[in-house]
Amino acid sequence: MKKLSRPITELKNSYDVLVIGSGYGGSIAASRMSRIGKSVCLLEKGKEFLPGDFPSKLTEASGEMNFNMGKKSDDNNGLYDFTMGDGISVFKGCGLGGTSLVNANVSIKPEPRVMEDNAWPAEIRNNISSFHEGVERACDMLKPNPYPEGKNGYPILAKTEAMRKSADYMSEEFRLLDINVNFENKEENHVGIKQGKCNNCGDCVTGCNVGAKNTTAMNYLPDAYNHGAEIFTNIDVRHIEKSNGRWKVFFNVLNTGREKFDAPELFVFADNVIVSAGSLGSTEILLRSKAKGLSTSDMLGQNMTGNGDVLAFGYNNDQPINGIGMGDNEIKDIANVGPCITSVIDMRNRDNLADGMTLEEGTVPAPIRAIMATTLVTVSRLFGNDTDRGFKDFWREKWREITSLFKGPFHGAVNHTQIYLVMTHDDSKGKMSLKDDRLKIDWPGVGKQEIFKKVDGELTAATSALGGNKVPNPTWNKMMDFDLVTVHPLGGCGMANDANTGVTDHKGQVFSGTTGTDLHPGLYVMDGAVIPKSVGTNPLLTISGLAERSCKLIAESMGASINYSFENAPRKEGQNNVTKGVQFTETMRGYFSLDEKENYQRGHDKGKAAKSPFEFTLTIHSEDVDTFVQNKDHQAGLMGSMVAPALSDKPLSALNGTFNLFVEDKANPDTKKMLYSSVLTDVNGEHYYFEGFKQVQNDKGFDVWADTTTLFITLRKGDSKEGEVIGKGMLKILIKDFMTQLTTMKSVNTKGASESISSIASFGKFFSGNVFDTYIKKIR
C-alpha cells in the first residue's frame, strides 16, 4: 500500500472545499465533495500510518503518546492523544484516519428513541429516514460484519463465550456485533486497496498492522484520493476567518522546526470549510476563531457528553478469557484472541431511555500488556470487589496472580481477565472553553451521576457470573473524586433548531449569530461535535450516518448530485512509494525596496534606509533524496512564510514553491546556483511572485560562507515569473539562524537510525561535494 498524503510543499493557496480532520466526518466529507468534482484539500494534524507502521512495543507506543494538560506543546501529534480535564478526560486518535485508527470499529445503530429526542433539530426528527439513508451509505463504505465464529478457521473466542455466560446470568440480550473488520484476503477492495484478513491478534486499538481493520484510511480516504482530493498531514489548524466572501484557514506545520524560528502561522483560502477535527478539535478551532472575531452561538463548547463511557475489568476470573494482544508474536494462521470487541450485552431496552446501556468486551493491546499484571494486582487491592469467596477460590486466585507476575500476561490472572466497555447516557452538561489558548474541559462531579452507580452494579453482575474480581476504572473512586475517562467525546458544536439552543443546523452549517437561524455560508462542522446528546452506544455509525446525510444536502445546495457507485470509479493505488527523503527549515533576513527594480545591492541599501525589511522562514522538503541528488535539476519542494511590511502588514504565505540546489549556470559554467521560487499570497488574497538565487562561484578569497548564505531576491506582480518586477533586494543567513537551521535537518519516510542517517548523509555528501568542487578542487 502506498501513501495517500502529499508532501507539504505541494499544498496550494486555494481550494473549493477544505476539510479539517480525517476521522469519520472528515473522510466522508473529502470523499463525497471530491466525487462531485470539487477541488478538495484535507488537512490532518496527525501523521500517516501504513499497515506495519503502528507501535507493537511499549517503548514505541510511549513515543506516540500525547498528554494535553492545558499547556502549549509544539509538534504534539502522536497517535495516542490524551486530554486531561476536570471531571472527565478524553482518549482519542491522532493520525490520517483519526480515531478510526485506534477504536474497536463497532458499527451499531442508535436506539430509535435516541434520534427522536427533542435535542435534535426538527428536520432530523421529522425525517428520520434521511438519517437511516446516510447510515446505509456509510455501511456500503465501511463494510461492517460480525465476527465469523467457527467459520473459515476463526475459532469461537473465550472472551465471547464468557460474555454469553454473563448475559445468561444477567438475563440480558447477547449478540455478536457488526464490526468494521475484514475477514477474507482481498487483492483489491471496493476502493482499490489491497487488504489482508484479520489474524485475531487483538491489537486493534493500538493500530492494525495487518491492514484488516476497515479504518477510514482503507475506504473513504482512498476514495477521496481516487477522485482527486489532496491530502496533507502534520498540519495543525488554528483558526478560521472570513475573507472577502471566502474562508481563510490558519495553520501551523508540525515536525518541521518552524517553531524554533518563532515563524508565523500560514494560511490557505477556500470557498467552503468543513471542520471535522473531532469533538475536541472542532470545538477548539471554532472557540479560537470566535476569540478572533468569528460570530457564533454562545452555545459553542456547551453540552459536551462522554457518551456515558465506563472502562472496567473483570479481573482474575475462574475461566480463561485470552484477551491479551499478540503483537509481534508469530501467528501462523489465526490467533485465539480476536478483534478488540466482538459482542455485546445489550441493555438499552429500558422503560427510561437514560437507564439503558451497552456492555461490550475488549482486549488489551500488545504494547501495554507488560504493565497489566502489576497494574491489575495493585488496583484490585485498592478498588476491586471480589465477587466470589471460599478458601479454595482464594488460593486459586492467588496462584493465578503469581503465575501472571512470573510467567507474563498470557498466563494466570491477566489471561483470565475480561475487559469491559460500557456506554450509557450521562446528562450531556460538560463544557469546553479556551484557557491560555488551549482547550479546557470542565465537568466536575460527572462520575457521581446516579447512572454510573447503576453501571457499576451491572459490571458486578457480569463479573459475578465468571467468579472474578470487579475492578472499576482506576480514576472512578472517592480518592479521585469519581473522575471518568471517555473514548467517545461528543458535542460542543451541537445541532439545533436555532442559535439559542445550538451551534449548527441540521446539516452541520454554523449559525452566524447568538440568536436566530442565520448561517455562515460555506462553514460546516461534520463529526461527533454536532451530536447534541449521548447516544448510549458506540457512536461511529451515528456520526457517519449524519455526515453522509449532511454531504448529500451540501452537494444539493451546490447544485450537484453525488454518484455513490464503485463501478467505473477511478482507481489509484496511492501517490508515492515510500522512499527516504530529507527536510530542513531555514530563515533568512535582509531588506528590499519597491523603488529599485534592477540592482540587488541598491535594492537592499534603499530598503535598509527606508526601513523596509524582508525575511522568510521556509521549509525545503524532498520525498526522495536519491532522485534529488541524481537529477540534474536537484529540485525539491518549498513552502513557508514571508514577512515584508512593504507588501503587507501581515505575514504572507509561500506555498507550492520550488527549490533547486547547485544547478549549473548555462551562461557561466564555473558558477552554480541555488534557486528559490514561490507564489506569495497576502491575507487579502493578493498574489506576488518571489524568486531568489544564491550564486556559488570561486571568486578571490575563500567566500564559501558569503556565497551560500546570500540570496538575491526579485518580487514580481501577480502569480507567475512573467509578471512585472516590483522590487529587488538581498537576504542573508545570520549565524544564530544557521545554527538553528542545522537542528531542523531531518530525514523523512525512514525507519530506524540507519535509514535516517543514510538519508541525511546522502544530502550532506552532495552538498559538501559541490562545495569541494567549487572552492577547493579548482584551487588545487
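In which strand is Asp81 found? In this predicted model, Asp81 belongs to strand β4, which spans residues 80–83.

View 1. The relative accessibility of Asp81 is 2%, so the residue counts as buried, the cut-off being under 20%. Its side chain makes a polar contact of 3.1 Å with the side chain of Asn66. Another polar contact, of 3.5 Å, links the side chains of Asp81 and Thr83. With neighbours within four places in sequence left aside, the residues in contact with Asp81 are Asn66, Asn68, Val90, Phe91, Lys92 and Cys94.

**View 2. An open sheet of seven strands.** The strand order is β7-β14-β15-β17-β13-β20-β16, and the pairing is antiparallel. Strands β7 (173–176) and β16 (385–386) stand at the edges; each has a single partner strand, so one side of each lacks a neighbour in the sheet.

**View 3. The pairing of β14 with β15.** Strand β14 (residues 343–347) and strand β15 (residues 357–362) run antiparallel and are joined by four bridges. Asp346 has Thr358 in β15 as its bridge partner.

**View 4. The largest nonpolar core, with 115 residues.** Leu11, Ile20, Met33, Ile240, Val273 and Leu359 touch the most other members. Helix α13 (residues 540–557) contributes the most to this core, giving eight residues. Apart from neighbours within four places in sequence, Ile20 is in contact with Leu43, Val237, Ile240, Val249, Val273, Ile274, Val275, Ser276, Ala277 and Ile285.

**View 5. A second, separate core of 34 residues.** Among its members are Met642, Leu647, Leu652 and Leu711.

Methods. Residues are numbered from 1 along each chain as its sequence is written. This is a predicted model: local features need pLDDT of at least 70, side-chain atom pairs count only at pLDDT 80 or more; totals for chains, interfaces and linings use all residues. Side-chain values use heavy atoms; hydrogens and water are left out. Two strands pair if DSSP finds at least two bridges between them. Helices (H or I, at least four residues) and strands (E, at least two) are DSSP runs, numbered from the N terminus. Buried means under 20% relative accessible area, exposed over 50%, partly exposed in between (1.4 Å probe, protein chains only). A polar contact is a pair of N or O atoms within 3.5 Å; within protein, one must be able to donate a hydrogen and the other to accept it, and residues adjacent in sequence count only if both atoms are side-chain atoms. Contact means heavy atoms within 4.5 Å. A nonpolar core is a set of buried Ala, Val, Leu, Ile, Met, Phe, Trp, Tyr and Cys residues joined through side-chain atoms within 4.5 Å.
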